[in-house]
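Hello,

Here is the structure we talked about. Please load it, then read the notes below.

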Amino acid sequence: MAGLWFEQFSVGQVFDHEIRRTVLEADNMWFSALTYNPAQLHIDHAYAEQTEFGRPLVNSLFTLGLVIGLTVQDTTLGTTVANLGMNDTTFPKPVFAGDTIRARTTVMKLRESKSRPRQGIVTFEHLGLNQHNDVVCRTLRGALMHKSPH
């Protein structure tokens, strides 16, 4: 089991996730198409050239999903019950095709579930960083986690 059980987490624990991913132009185009997001800033190169960025921005929801996905193998793979929500999500810097994203997770809070004695709630802070170590995404994620069966 790659993921950790609820009781294996501790407040302040930090994970610098090993897996990184370079974002491709196709990722942005497909994600925008699949989510019916026609924003010119994401899919229209001619339009984006006229903006302050000079090129298309990667869809921020793709960035959020990628950052969380990069964290799963070290933290919640096979041990999570469900995501309970993401809060205070920010995108301090843009992501462009060609950027390589990595993730860092800090355990912010632990709480036993009041209604589910074999589970607990972990609040993670996930940071997405680009190849220049700029923070491109930050979110607080609540996850309902299994406790160890033993």
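Strand pairing and salt bridges

Strands β5 (residues 119-129) and β6 pair antiparallel, with 11 bridges between them. Please keep in mind that this is a predicted model. Within the pairing, valine 122 has alanine 143 of β6 as its bridge partner. The two strands make a hairpin, and five residues separate them. Asparagine 133 sits in that turn with a positive phi of about 70°.

Strand β6 also pairs with β3 (residues 80-90), again antiparallel, through seven bridges. There, alanine 82 is opposite leucine 144 of β6. Strand β6 itself spans residues 135-146 and is mostly covered. Nine of its 12 residues are buried.

Now the charges. The whole structure holds four salt bridges.

- Aspartate 16 is in strand β1 (residues 14-16) and arginine 104 in strand β4 (residues 100-112), 88 residues apart. Arginine 104 is partly exposed, at 27% relative accessible area.
- Glutamate 112 is partly exposed at 45% relative accessibility, while lysine 147 is buried at 14%.
- Arginine 21 is partly exposed at 31%; aspartate 27 is buried at 14%.

Best regards

Notes. Residues numbered from 1 in each chain as written. Predicted model: local features only at pLDDT ≥ 70, side-chain atom pairs only at ≥ 80, totals over all residues. Heavy atoms only, no water. Buried < 20%, exposed > 50% of the residue type's maximum accessible area, 1.4 Å probe, protein only. Helix = DSSP H or I, 4+ residues; strand = E, 2+ residues; numbered from the N terminus. Pairing = 2+ DSSP bridges. Salt bridge = Lys/Arg side-chain N within 4 Å of Asp/Glu carboxyl O.
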